[in-house]
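I opened this entry to record what I looked up and in what order. The coordinates come first, my notes after them.

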Amino acid sequence: MLLVLMLALAACQVPATSTRQKLTIAWVTKSLGNPVFDLGRAGALQKAKELSESGAVDVQVQVLGPVSADAVEQARILDDLIARGVDGIAVSCNDPTACVAPINRAVAAGIPVMTWDSDSPQSQRFAFLSIDNYAAGQTAAD
């Protein structure tokens with residue numbers, strides 16, 4: 001889904017005449033330093049590197065999140081990203097309700113938002129990416 005977000009945003013960019021365009025995607029975790037999110041972070045950074053090396057757009061991923069799982073701080077981070085005008089946001093929500101307003105503000109500002117790992121289904125996010133933890137547990141037990 002992150003690849004789809006990056007490609008969709010890259011396709012919407014106006015071609016640069018003399019300088020390479022930048023596309024900034026914010027990868028927002030529930031908390032920083034949590035090893036559960038290391039693989040997703042590494043994948044986002046690797047795909048950004050690949051897209052930057054092979055395309056006309058320089059894709060940058062900014063990994064952000066509260067120091068500890070804190071819904072209020074995460075909402076503040078999302079509002080800061082809106083003010084900075086990032087090109088897209090992918091967020092693992094600490095609290096589905098607390099994420100609704102900031103996600104909707106981002107969408108209203110023209111910033112596409114997807115959720116991953118933990119959703120905010122009442123928000124205007126365009127996609128949710130996760131695994132079925134119940135099925136994964138059954139597979140692990142098998």
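**Aromatic rings and the sheet**

I began with Phe 37, which is buried, since its relative accessible area is 6% and the cut-off for buried is under 20%. I kept in mind throughout that this is a predicted model.

Next I looked up which ring pairs with Phe 37. Its partner is Trp 116: the ring centres lie 5.4 Å apart and the planes stand at 85°, so I noted the pair as edge-to-face. The cut-off for that label is over 60 degrees. Phe 37 sits in the loop between strand 1 and helix 2 (38–54), while Trp 116 is in strand 4, and 79 residues separate the two.

I then checked Trp 116 itself. Trp 116 is buried, with 7% relative accessible area.

How many aromatic pairs does the structure hold? I found 2. The other one joins Trp 27 and Trp 116, with centres 4.4 Å apart and planes at 15°, so this pair is stacked. Stacked requires planes under 30 degrees apart. Trp 27 belongs to strand 1 (residues 21–28) and Trp 116 to strand 4 (residues 113–116), 89 residues apart, so I logged the pair as a link between distant parts of the chain. Trp 27 is buried as well, at 6% relative accessible area. Taken as a group, Trp 27, Phe 37 and Trp 116 form a cluster linked by ring pairs.

Asp 117 lies in the loop between strand 4 and strand 5 (127–129). Its phi is near 70°, which is a positive value in a residue other than glycine. Asp 117 is partly exposed, at 31% relative accessibility.

Then I went through the pairings around strand 3. Strand 1 and strand 3 run parallel and are joined by 4 bridges. Two residues of strand 3 have these opposite numbers: Trp 27 faces Ala 90, and Val 28 faces Val 91.

Which way do the residues of strand 3 (residues 88–91) point? Gly 88 and Ala 90 point one way, Ile 89 and Val 91 the other way, and all are buried.

**Helices and one distance**

I looked at what lies on the sheet.

Last, I looked up Leu 23 in strand 1. Leu 23 is buried, with a relative accessible area of 0%. From Leu 23 to Ser 52 I noted 9.4 Å, C-alpha to C-alpha, for two residues that are 29 apart in sequence.

Conventions. Residues numbered from 1 in each chain as written. Predicted model: local features only at pLDDT ≥ 70, side-chain atom pairs only at ≥ 80, totals over all residues. Heavy atoms only, no water. Phe/Tyr/Trp six-rings, centres within 6.5 Å; stacked < 30°, edge-to-face > 60°. Buried < 20%, exposed > 50% of the residue type's maximum accessible area, 1.4 Å probe, protein only. Pairing = 2+ DSSP bridges.
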